[in-house]
Amino acid sequence: MLTKPPHSSHEAPKAKEIRISREGPGRNSWCWAIGQGSTLVARSPAGFAGAEAAYEAGRRVLNR
């Protein structure tokens, strides 16, 4: 049986990832960003008090 290589539209989608970063000094300086490959999908509208809170907020957005 002959098969064709997958067409670009049949390739598996890239995985989304949550990135947590420190935006500056201060208590609410963490933010989250959701990316798919090199494309930014969503970003937190405001800072969070800690990396854990930023990660959880990003997960909630991703799982909507």
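Ground rules first. The model is predicted, so local features need pLDDT of at least 70 and side-chain atom pairs count only at pLDDT 80 or more, while totals for chains, interfaces and linings use all residues. Residues are numbered from 1 along each chain as its sequence is written, and side-chain values use heavy atoms, with hydrogens and water left out.

Start with the layout. Helices here are DSSP runs of H or I with at least four residues, strands are runs of E with at least two, and both are numbered from the N terminus. Along the sequence the pattern reads β-β-β-α.

Two strands pair if DSSP finds at least two bridges between them.

Take the pairs in turn. Strand 1 and strand 2 are joined by seven bridges. Glu 17 has Gly 35 of strand 2 as its bridge partner. Arg 22 is partnered with Trp 30, also in strand 2. Strand 2 and strand 3 are joined by four bridges. Gly 35 turns up again here, with Leu 40 as its bridge partner in strand 3. Ala 33 is opposite Arg 43 of strand 3. The hairpin of strand 2 and strand 3 has two residues between the strands, and Gly 37 takes a positive phi near 65 degrees there.

How much of strand 2 is buried? Five of its seven residues are. Buried means under 20% relative accessible area, exposed means over 50%, and partly exposed is in between, with a 1.4 Å probe and protein chains only. Across the protein, 20% of the 64 residues are buried.

On to helix 1. Ala 54 lies in this helix, which covers residues 51-62. Twelve residues at 1.5 Å each should span 16 Å, and the end C-alpha atoms are 16 Å apart, so the two agree. The expected span is 1.5 Å times one less than the number of residues.

Which residues of helix 1 are buried? Ala 54, Ala 57 and Gly 58. They are on the same side of helix 1, because they cover an arc of only 100 degrees around the axis. That arc is taken from the directions from the helix axis to the C-beta atoms. An α-helix has 3.6 residues a turn, so residues three or four places apart point the same way. On the other side of helix 1, Glu 52 and Arg 60 are exposed.

What does the buried side pack against? Strand 1 (16-22) and strand 2 (30-36). Contact means heavy atoms within 4.5 Å.

Look at Ala 54. Its relative accessible area is 0%, so Ala 54 is buried. Beyond residues up to four places away in sequence, Ala 54 touches Ile 20, Trp 30, Cys 31, Trp 32 and Phe 48. Ala 54 and Trp 30 are 24 residues apart in sequence, yet 6.4 Å apart in space, C-alpha to C-alpha.

Compare Tyr 55, also in helix 1. Tyr 55 counts as partly exposed, because its relative accessibility is 38%. Leaving aside neighbours within four places in sequence, Tyr 55 is in contact with Ile 18 and Ile 20.

Last, the core. The largest nonpolar core has five residues: Ile 18, Trp 32, Ile 34, Ala 42 and Ala 57. A nonpolar core is a set of buried Ala, Val, Leu, Ile, Met, Phe, Trp, Tyr and Cys residues joined through side-chain atoms within 4.5 Å. In soluble globular proteins, nonpolar side chains tend to be buried together. Beyond its neighbours within four places in sequence, Ala 57 is in contact with Trp 32 and Phe 48. Among contacts in the protein with a separation of 6 or more, 20% are between residues 24 or more positions apart.
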